[in-house]
Structures are given as C-alpha cells and as structure tokens.
Amino acid sequence: MEQDHGLLTLGVAGRTHRAASLRPPMGAEIVILLGALSPILGFPIFLIIATAFNVGDPQALPATDYGIGNLIALADHLDWIANTLLLAVGGTAIAIAIAIAASWILYRTTMPGRRVFEMLIALPYPLGPLLGALAWSELASPRSGLINQAYWSLVGAGAPLVDASSLGGIMFVMAIFEAPVAVFIIGAAMQRMDPSLEECSSTLGASSLGTALRVTLPLMLPAILSAALFLLTSMMGAFAIPAILGAESRLYVVTTAIYILFQGFPPNYPLASALGLVLIVATASAVWLHGRLLRNRSFVVVSGKSYRPRLINMRGWTPVLFAFLVLYVAVALVLPLCVLLFAALQRSNDFSLAADAFTLANFRYVLWDYPTARLAIGNSLLLGLGTGLIGTLLTALLAWVIHRSRGRGRMLLEQVIMLPQSVPHLIFAFGFMWAVLVLPFKIYGTLWAVLLAYVVIFLPLGYRSMSGVVVQIDKALEEAGRVFGAGRLRILAGITLPLLSTGLTATFALLFMVSVREVSASIFLSSAANPVLGPAILSFWDSGGLPQVSALVIVQTVILLTTLLVVRKATGGGVGA
Amino acid sequence: MDAQINTPGAPHSYAADAAFAAGEQRPAAAPAPFIEVRGLVAAYEGKIAVHGVSLSVPAGAHLSLLGPSGCGKSTMLRSIAGLETPLEGEIIVDGRTVFSSARRINVPAEKRRLSMVFQSYAIWPHMSVKENVGYGLRLQGVRGQELHSRVLAALDMVGMAAYIDRPATDLSGGQQQRVALARAYAFSPKAVLLDEPLSNLDARLRARMRTELKDLQNRLGLTTIYVTHDQEEAMAMSDQIIIMREGRIEQAGRPLDIYDTPRSRFVADFVGAANILEAEVTGRDGSGHILAQVGGAHMRCAPRENLPKVTTGGRQLIAVRTVYPQISTPAATPGESHLPENTWPARIERREILGDVIVYTVGWPGGSIRAHAFPSHLLEEGRPVTLHIPPERAILVAADE
C-alpha cells in the first residue's frame, strides 16, 4: 500500500528528502530489456494484424486499404475453424483422460516398473510430432496403411479398419503425442499432494475408489485444468500432424489452410492473416485463462514442501493398469518407431516382408548422397546449438533480472517475454518473415532469420525453465557475497553461475531439442538454399518417397534420443518440458 | 515461622528505577557510539516497516533487536548492512556516514566492512569450507599461507578446524551455522550483524550455541547487533536490548532493567512471564509509591511520577512477574487485619508441575494470580496460603494501543 503522501505528513521533523521511494523506479536493465524485446516480439504480430485488415491490393506491404472484409470472408471457411476447434477440444479431452489415468498409475499406485514407464511415457513428446504423424500415416492411412492391409489380408478388401486421416484419427494421434506433457503437469501435482487428506478420508470409511473420486480428483482439478489449457493452446496451433494426416482427406485446420494459402498463386496473405488473427485470439484467450488459474503461483513448477505421497496397492487391478501403460507405450512409441524403421529399411514404397525388400540404402541416401537432406541435418544441428546457447544465456539473464531486481516493471517484462506463447508458431513465423522482409538487413532466407525466430518463439519455454532454477536459489547466497565484499559482477560469475549450472545445461538441452524437432516455425523462413530438417521432412514426404522420409525421421529421432541420454547423464535427472 | 516457599534473590538497586520512574532517560554510555542510527525510516514490500528509529551501539557492545516477526528488526539490520536502502535517516559506522538520505550518501554493502550471519546461513554449496570462510579475506587480497592460517584460526574458534577442506555440502545445519560464524569473524570486520542465527536449530543445540556464541564474542570484543525473536537469547547475550513492535521501539535498556521495569504490557508479556492486573489508582503515599485497588485488595505498588496510559476501559494495568509473588503457609490463618502490607489470605486454585518449576494459580482478593515456585515443597490444590507481593515488584505499565 503506497503511503507516500501520508508519510510526508507524519511529521518526521523537516525531513522530506528521500533516498528511495516506496515504489522503486524501473531499473535501467529492465528498461533496456523491455525496449529491446518489445519490438522484436510485437512487430511480427502487429504486421499480421495489419495485413488481416488489408482489403486493398493483397501484395501491397504496407496495405493501401483497411477494412474487415477478410474477417467476413472467413465465413466461407468456417469448416477450417470448426475442424481446428474440434480437433483441439477432442484431442485435449482424450489426452487428459490418458494423462489422468497414467499419472495416477505412475505416482499413486504400487505398480511395478513405474520408473521405467515414467521414462517411456515421456519420450513421445520430445521426439516430436513428425514421428507420430508419419508413422501413423504409414500404419493407418485408409488406402495403404499397414494395419488396414493386414486387416484386408484377413477379411478381404473393403472398408478400412482404421483411418488416420479422419477427424477421429487425427484427434487420436494428436492426443497420444501431447499426453506426456499433461502427465508431467498432473503428475507433478499428484506427487506434491498432502497424503493426510486422503488418509483422513480412509479413516472416515471411504473406499480407495471413493477417496480417489471424492478427495484426490477434486484436488487435482487445478492441475488438470492447467494441463488442459496448455494442451488446447498447443493443439490449436499444431501443424505437422494435421498437415501429414489431413492431406489425404483434404481435412484442413487453420494452420494447414494458412500454409496452403501461402503456397497459392498468388498467395492470399490477407485471408491467411485473418485466419491467423482468429487463431491468435483463441490461443491468447486460452493462455490468459491459464494465467488466471496460476495467478497465485508462478508460471514455474517449483518443488515446494515435498510430501511422501500415499501409494495404493491396486491388487487385482494391477495387470489391467499394467496393460494400459504397455498399450500406451506401444501405440505412442514402440509401434511408430518400429514402423518407421521398417519403412526406412524398405527398397520401395511397396512395403513387403520379403528378404530382398530390405536395404540400408535409404540411410546412405539421406546422410550422404542427397545434399539437401545432409545440409538440412547439419543446419538443424547448428540451429539447435545456436538456439540453445543464445536462448539459455538470454533467458538466464532475464530470469535473474526479473527475480532478483527490485525495480518496477518486472512483471511487465515477464508478460512481454511470455507473449510468444499466445501465438501459434506457424503464425508467428510468417509475421516474422514479413518483419524480416521489411527490415533493411538482408537476412531473409538465411539461417540467421530462422535462428532469430527460434530464439523468440522458445523464449517462454526457456524462461520458464530458468526461472524455476533461479527462484530456488536462496537470495541470501548472493547477499552474503555482497556483505563480504564482492561486487555484482563477481557474484554473478563466482556464485550465481555455478549454482545455476545444472539449470543452464538442462535449459540448453531443452532448447536444442525443441529447435531440432521444430517444423512450423521454420517452414516459411528456411529456403531451398538453407534447408532445415522439419520442413525438409515435410517436403520429402510431399514428393512421395516413404522409405527415404522414414529414414530421415529416424535420423532426427536418433539425434533427439542421443541428446536426451547425454543430458540425463550430465544432470542426473530428467529434462522437464 | 512462616515457611517461605519461594524466595526471590536480593533485589538490585532501585535508585536507577527511581530515575526511570522520574521519567529520565537512562544516561548514555560513556564511550562514543560505534554504530549509530538516526531517524531511520525503511519500507519492506511496499509498506513502512521501520518508523523513524534511532539507536546507538558503543564499541565492543552487544545489542539485541528483539521483537515478534514483522516488527521491523530484520529490516533495520539489513539497512545497516546495506542490503536494503532506507527511505530516510542516517547510519554512521565507526565515524563514517554510510547512509544519509539528506546528503544522498549510500555506501554499497560490499564497501561497509560489516559482516553478517544469515538465518539460512548462506553457505555456498559449490565451494569448500575453506573457500567459504576465506571468501571475504580473498577479496581483501589475502592469499597463500596467510589466508590458510587465518581461515584455520577462524574455524578453530568454532571447533570446525577438521572440516577445512571438506565440500560445504557435507555439513549438517549446526555445522553450517558454525562455518557461517567462522566466515563472519575471519575477515576482521568492524562489526558483526546476526540475523536470527540460531532460529533454525533445535532447542538443545540452540542453548549450547548461545553459550558458545557469547564466549566467542567476549573473546573477540567485536561490536555486535543481534536480531532475534527469542527473549532468552536476547537476555542471555546482550549488553543492551531494544524491543521493537510494528516498526517502533517499545523499550530500550539493559536486560535486567527491561525485565524488572517494563514500560508497557507488551514488554511485560514479551520478556519473562508476567501477571497483568487491572486496577484503579487510589492515591499516592509520602514516598511516591502508588496505591491501587485491585479487585477486593488494596495494594501498594512501585513508585512512579507520571501514571502510564490506561486501557480503553479506563483501568490501570499493573504487571507482577510470576517469580515474585511469595506464597507462605502460616501455622495458623491470621486475620486480615494482622497481615503486613501487600499481604493477603489466599488459596491455591491450580497447580501445574512443569518439572523445573511449579506454576501455582493462586486465588486472592484481587482475583487470580500465577506464581512460579521451586519443586522442593509441593502445595495441594485448595490449600489456604498467604500471598505477599513486594511493592517494588508491582509495576504500573502502559496499556497497548
């Protein structure tokens, strides 16, 4: 409560000089950071909004005529918006259901092999959407999917058993690949629950199931809602899975529609921007709701007081639950990997089990022979390193400034940093592309543009990760340094950085992985001269060579798995999303 | 003969109390202050935490800031250390102004040559014990053999010399606390500031560390400011105590003075255990002692020039420490008219055996009063006794706001 005016009348005899005011001024570093970040984050979004209202010449930049014509034109394409919402809501529902069950089993029961399952269940997410999309396209496409072929060989030709290109199919694939994030969020809350709340229910006579439904589930609701909003945001902006699975059935969502509009001749930027605007509003609303939910806690999942959660022995149910987890791991991880490996080893698109149909030529092709593929892999590794280094240092600095300084405007800076999460990657990318075109520097089409876009897009993720680490360091450790004579720089180097080292490594690895597996952000910014892995995989798939594209995805998967293993060894723990 | 159940020790001089009662401030200690704070106003999380507090600490003295949490004592300490910037006031250390709002002086913490022991110890986990203790010394340019021997000497003082090369993560809470002390003393600071250093230790360890800390300070003779909410710590260790409440000084003085002559109900309750009696002042006798009516009892109280603030109900408060009411068991129950002054017939209402002390709740004409007694003679509940309250031990105190 500011009592500035009141204080001056308290009558501290004659003294009205102030060394500091109750509301300290905005620190210099905060002003600089705000000033630097706001245009970089805001300009692309501004361009999208401006173009959405462009009703004049679609190619003109800046627009000549403003109006809401484009938004009205959206009424002709409500199916795109409907598909997006249906997929997002349906996919979230399925994923949350899986996640509640899985995190319950993992963290509240005495299921054998929980630690192993925890690792396996977490894997599909960092490996990326392309793995799932491609694998399930090969498995369940309505005309040539392997599952359908096996089915037909048993019952004869006819309707397919499973259809990955249907709305339900896409929903299912999206759900199983985003579920790990929900498991992480809900699982964290389950592990931190005070067991005495459940014990009290038991002593008053409730059964295990009764306690689970009447005590545990309601207490988990905030985490469940939080996870649901996160998934909703992510699925509304998903690109890779709808692009690969929806192509066959021409099922478009907003992101894939935007991509098609960009490929059009001429490209319809205003309509695309209008679509983008709609999606931004939807995503931003979900993010805002999420922020309100977390209002008393920080964005960061910080481990507070650690409880020993009460583990329940499910007895007769154990084999059923075990089977459930095995099923999930099979469907989300094992099956896709096997299919891709199988396809990568095939000579041609006609898959067969004959001995002479297998070859290693595809790997040689992508790793050596075909320059675009080789270049794409190399570029992605470089981008990963670059994003990791710059992103980690930047977010470390930001986290330190925000959580350690006293100035006003810290929360404002945090809001600005978190801005990119309100914009789906694809949409931010094309806004960024225009921003880059408008700028005098010639970086369009080079890797630098992609790097810059990646750093910006992954800023929220990196910041969340570093914040969690910074916040856990006792402030007194730095204050002690000051008291014993160390200046700010010396404290930073000698005390803060060493304490942050595990967090820095984890954040670096996180940023490395997300940039290697990224598709939507680089699809507009990379070019034929500077290919990047994600878009390259998509264009490979477009041109039809299933074995080759499978091989390329396997290579990507190996890179990501290796990173995970190395980091696990280096930090002695898992890498959180 | 009356059997005395509890006998207080010989009362100390009341001359000082007379001066206090006359409303005079205790005269300033003769040596010049080493640390001086004038009119400090400081904020914490958007609210004023310290409202214009002044204090002075002579060289080599131990001052404790005592008070409940939120009273502003930590903010004061941190302002002196330079970790917080006050809104107004002046801070002078060893003759040098380190902070002045009027003259816009604010010496940063790293230049003040004051060392601090934090409540969480703040031992750096990524350094060894030697690197922790020697941190301040290294920054002063001390290296090599001299560094090693000074670190060793500091660790030796706290009994941790064997741990010199161990990583800091090996240490238990109590050990970390000692290393924090060694670090504070190692670099020969001008003064030492301690922020509730013992509060994270369990009771047994706390009592032991208190004694060790006191010995250490006596040996080194460093000026010390010590923040705590534990009145036993403050009483045992300090030359001077300042009791703070809601950002203001409630009372300042020597431990026993505060104990014997609390100025307000808050202080009487906070330091030691006290009975608070509600009374009407009926007059004053020739020697300045106050006469009061407590319930059905006439009582003679300690002398006082000005009457302190009364409660909202207009009652005067009298504090009687629980160790001072004297309970005796007369051979025969005398009539009230035969009793000397401040002595009444009474009855044991309740008895709590705590082990080291027995707490009796005694019913007397003035109501109920608690008295502490030794466990040597036990009195049953319901037993009729005689209660005597020495007049000098019935102190008029101010009511709280």
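Predicted model: local features only at pLDDT ≥ 70, side-chain atom pairs only at ≥ 80, totals over all residues.
Before you start: residues count from 1 along each chain as its sequence is written, and chains are lettered from A, with ligands numbered from 1, in the order in which they are written. Local features need pLDDT of at least 70 and side-chain atom pairs count only at pLDDT 80 or more, while totals for chains, interfaces and linings use all residues.

**Exercise 1. Find the order of the five strands in the open sheet of chain B, and work out which strands stand at the edges.**

Step 1. Strands here are DSSP runs of E with at least two residues, and helices are runs of H or I with at least four, numbered from the N terminus. Two strands pair if DSSP finds at least two bridges between them.

Step 2. Now read off the order in chain B: β15-β14-β13-β16-β22, with antiparallel pairing.

Step 3. β15 (297-303) and β22 (394-397) of chain B each have a single partner strand, so they're the edges, and one side of each is left without a neighbour in the sheet.

**Exercise 2. Describe how β19(B) and β20(B) are joined and paired.**

Step 1. Look at the link: a hairpin of two residues takes you from β19(B) to β20(B).

Step 2. Check the pairing: β19 (residues 358-364) and β20 (residues 367-373) of chain B run antiparallel, with seven bridges.

Step 3. Pick out a bridge: B:V362 partners B:I369 in β20(B).

**Exercise 3. Describe how the two domains of chain A meet.**

Step 1. Count contacts, meaning C-beta atoms, placed from the backbone, within 7 Å. 42 residues of domain 1 of chain A touch 42 residues of domain 2 of chain A.

Step 2. Find the helices on the domain 1 side: α2 (28-52), α19 (425-438), α21 (459-471), α24 (533-543) and α25 (546-571) of chain A each supply at least two residues. α25(A) gives the most, with nine residues.

How values were computed. Domains from an automatic or database assignment.
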